[in-house]
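Subject: Structure handover

Hello,

Here is the structure for you to look through. Please keep it open while you read the notes below it.

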Amino acid sequence: MATGIRDKVAIIGMGCSQFGERWNDGPEELMVEAFTECLQDAGIEKTDIQAAWFGSCFDEVGVGKSALPVSMSLRLPNISVTRVENYCASGTEAFRGAVYAVASGAYDIALAIGVEKLKDIGYGGLPEFSTAMGTLNQLWMANFTAPGGFAMLATSYAAKYGLDMSEVKRAMAHVSVKSHANGALNPKAHLRKPVTEEQVLNAPQIAYPLGLFDCCGVSDGSACAIVTTPEIAKSLGKKDLVTVKALQLSLSNGTEFAYDWDGDHFVTTSKASAEAYKEAGIKNPREEISMMEVHDCFSITELVTMEDLHISERGKAPKDIMDGFYDLNGGGVPCQVDGGLKCFGHPIGASGLRMLYEMYLQLHGRAGQRQIKDPKFGLTHNLGGFPFMNVCSIAIIGKQDA
Amino acid sequence: MAGITSFGGYIPRYRLSRMVIVQNMAWYFPVIMAVAGGEKAVANWDEDSVSMAVAAAYDCMAGHDRKELDALYFASTTMPFADRLNAGIVAAALNMRENGVSNADFASCMKAGTTAMISALDSVQAGSRKNVLVTASDQRRTKMATMFEMFYGDGAAAVLIGNKDVVADYLGSYSINCDFVDHYRGQAKEFDYGYEERWVRDIGYGKVIPEAISGFLAQSGMKIGDFAKVIYPCYFGGTHKAIAAKLGIEKGRAQNNLHAVCGDTGTAHPLVMLVAALEEANPGDRLLVAGFGQGCDVLAFEVTEKIRDMKPRTGIKGSLANRVELTNYQKFTKFRNLITADLGIRGEANPNTSLTVLWRKRKMLLGLVGVRCKKCGTPQFPVYPTCVNPKCWSVNDFEDYEFSDKEAKILMFTGDMLSPSVDPPAVYGLIAFEGGGRTMFDFTDCDLNQIKVGMKTKMSFRRRQTDNMRGFTGYFWKAVPQVEGGDK
């Protein structure tokens, strides 16, 4: 009988590069920047790392294929390195690989690292992906982009709950305003200017009904984690351990796209979060989750995700958002504590690990101006793909005794 | 008796007022002001002769089983492929049988449509085929500020030829073939090259058409007065009238050349005008139709009582009523690729089309054929070997299921300014078909501001991508939102 991952693995070090338009740096420099911080934080030698997992998504325009870019950039001592790619869950997948490897007993200490160098393509937004969808799909799939794919969710969500689009737009605007406010407090964020609701609402349209400020930034960045067992962590002199409480992944199987779905929620997130709470021993997430970093690729994604994480009731996310329940000091569950994808941008392979980095800092009381009082559980969430067909990952980490 | 057993038509929804052309281009060539009246039909940027032929063919096949077709003929001078059977693309879009059928392209001449009809009628009369679908379609690009730009419109028509439940009996035909070159388009040339209009009017249309019609009358012993409508294309208004006078056609019996409402649709035009005439015809009416180009074909029909039993269709009348004015001349020139506008780096991706995939998935990609699970009855698209119904999940237990003629409802949609598009925003969404099945499609012929969740859609076969590097045109189906009462 499977017992889940709860408290079997501890994070002993994390690193995160400066996110932004790193015109003068490639994926190699970004990875070394994150890794140097991580290794120092862990207080171990590079040679103590026995295996590594590497997340990157757009290998066509970034690092290239295989895990060699990591092994070469970090000059790892000929250890096993595995490249994983699962859309926007790629970073969390790397983390999952390293954590499971340690939990299995196959290795004592493992590294998870993610990177994406997006700003080498010559145009805004994510790299064009129609050619990366497979030879059959590229002959028939609609001419869609990431913002358009998610924008559609706003139309069906509004229809489902009988909301006027202006109400949804206002709640979405608050999502972005809140994240910008948090990002302004974070020296590693790409976008550090607070914005107003009016600015968000008046921004040029990207894909109806999403405006420019409903979309996350596009940035370069890298983040990484070193994991081991709690026992080894203690033997290394680590205190106040941060342990992995849950790791869940859920993928669409075509039901939403081709069978039955109202377009009002993420089937995968709903399932993965429920499984994650079970794995972590969390009964009431609205009360027990201290903070979250969710996949706010677009404001509407975050809005709907609040319901699929079973924190806002169905149809009630706009109200919770407008009530400030997800604001940093709103007395609820602070969301996008570090500024989110909104302010960090979304270097895909790095994002999951960047989210965990903030949770890790918070749990250790090292989050500076953003510090939340005595957090116990931090939840991270990625949603790769599109509302109708996606990969969802959830991670929960927390204090060992939580 | 052989004859027409069904008919259909398609005129694209955009109409360009000739005054718009004049306002934009008369500074360059003021002569175009002479024909500034009326409007011409303009194919959307994602339409071409093949896609319009498919639309006309579906319209024509309303109430008829596409599986019973023995042949499909496609007539056009603007076929996307010089070597690949263009009729084969139309046939695949109709999900026609592949075995035991004989499809063909009729090309290179304005009368190719009537010639295809004669061939189809001959084979049905001979008893070698039972049901032959004849489609004709043209979408001719013209240089800016030319008379061709003023005269030409886009459109398609289709007639089903058979010998059962004939709605218009075939009374015979007569043809003249001569190398009269009023205009031509050389190999690999983009545009028509025309000769002096005065000569084309007097020695071409004005002489050849009357000669051919007189020839038919002499051969058949019929009189011009026997015909309720005489149908012949001629975009010169004065010459059209002069031909009627010369032949002694009574007032009101010369079929309108549609110059005012759609322009001359080239190879399609004799069939477009014939379908327009059939839509108004009564049992007992005799129709004479002529196709002009390097000679002239003349065919005669007599409408039967069966015309009253035909299922409703859009036809020429219906598609003319589905009209949106294109007020932006630049948009028209961009649609026809006459001006260069930047699509952006995002639009550069240009993978080749996998012909192995296209072959393996031709029913899906060209016919919009999905499957229905034999166990649970769920229609589904796209097709995976395992049933999509989570309560079923049976494997490879399917029968073919056509989505091309199914209506659907919009579940979610957007208008995307980031997606590279000739006509931004790129509008697309997820739609659910009546009777089951759903998937995401590009939308076309629509205005984002009028789309709502829950709105009905119909499917339309469209050009999906043009690979200019390799000369390949790819097709797929798009959803057309059905805005009640038409849009602006």
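Which residue in strand 22 of chain B is the bridge partner of B:Arg462? The partner is B:Phe476. Helices (H or I, at least four residues) and strands (E, at least two) are DSSP runs, numbered from the N terminus.

Before the rest, some conventions. Residues are numbered from 1 along each chain as its sequence is written, while chains are lettered from A and ligands numbered from 1 in the order in which they are written. This is a predicted model, in which local features need pLDDT of at least 70 and side-chain atom pairs count only at pLDDT 80 or more, whereas totals for chains, interfaces and linings use all residues.

Strands of chain B

Strand 21 (residues 456–467) and strand 22 (residues 472–481) of chain B pair in the antiparallel sense over 10 bridges; two strands pair if DSSP finds at least two bridges between them. The hairpin of strand 21 and strand 22 of chain B has 4 residues between the strands, and B:Gly471 takes a positive phi near 75° there. Strand 21 of chain B also pairs with strand 18 (residues 408–416) of chain B, again in the antiparallel sense but over 2 bridges. B:Ala408 has B:Thr457 of strand 21 as its bridge partner.

Elsewhere in chain B, 3 strands form an open sheet in the order 3-2-14, with mixed pairing. Strand 3 (39–42) and strand 14 (324–325) of chain B are at the edges with a single partner strand each, so one side of each is left without a neighbour in the sheet. Strand 2 (residues 14–17) of chain B pairs with strand 14 of chain B in the parallel sense over 2 bridges, and B:Glu325 in strand 14 is the bridge partner of B:Arg15. Helix 1 (residues 18–25) of chain B packs on this sheet and touches strand 2 and strand 3 of chain B; its direction makes about 50° with that of strand 2. Axes are lines fitted to C-alpha atoms, for helices over the stretch in contact, and angles run from 0 to 180 degrees between N-to-C directions.

Domains of chain B

Chain B is assigned domain 1 (3–335) and domain 2 (345–368 + 403–481); the bounds come from an automatic or database domain assignment. The C-alpha centres of these two domains of chain B lie 28 Å apart. In chain B, 18 residues of domain 1 are in contact with 15 residues of domain 2, contact being C-beta atoms, placed from the backbone, within 7 Å. On the domain 1 side of chain B, the largest share, 5 residues, comes from helix 2.

Between the chains

How many residues of chain A are in contact with chain B? There are 34, in contact with 42 residues of chain B. Helix 4 of chain A gives the largest share of the chain A side, 8 residues.

Helix 9 of chain A

Helix 9 (residues 267–280) of chain A has 14 residues and should span 20 Å at 1.5 Å a residue; its end C-alpha atoms are 20 Å apart, which agrees. The expected span is 1.5 Å times one less than the number of residues. Among the buried residues of this helix are A:Val267, A:Ala272 and A:Tyr277. A residue is buried if 20 or more other C-beta atoms, placed from the backbone, lie within 10 Å of its own. Just after helix 9 of chain A, A:Gly281 takes a positive phi of about 75°.

Regards

Notes: Two residues are in contact if their C-beta atoms, placed from the backbone, lie within 7 Å. A residue is buried if 20 or more other C-beta atoms lie within 10 Å of its own, exposed if 12 or fewer, and partly exposed in between; C-beta atoms are placed from the backbone.
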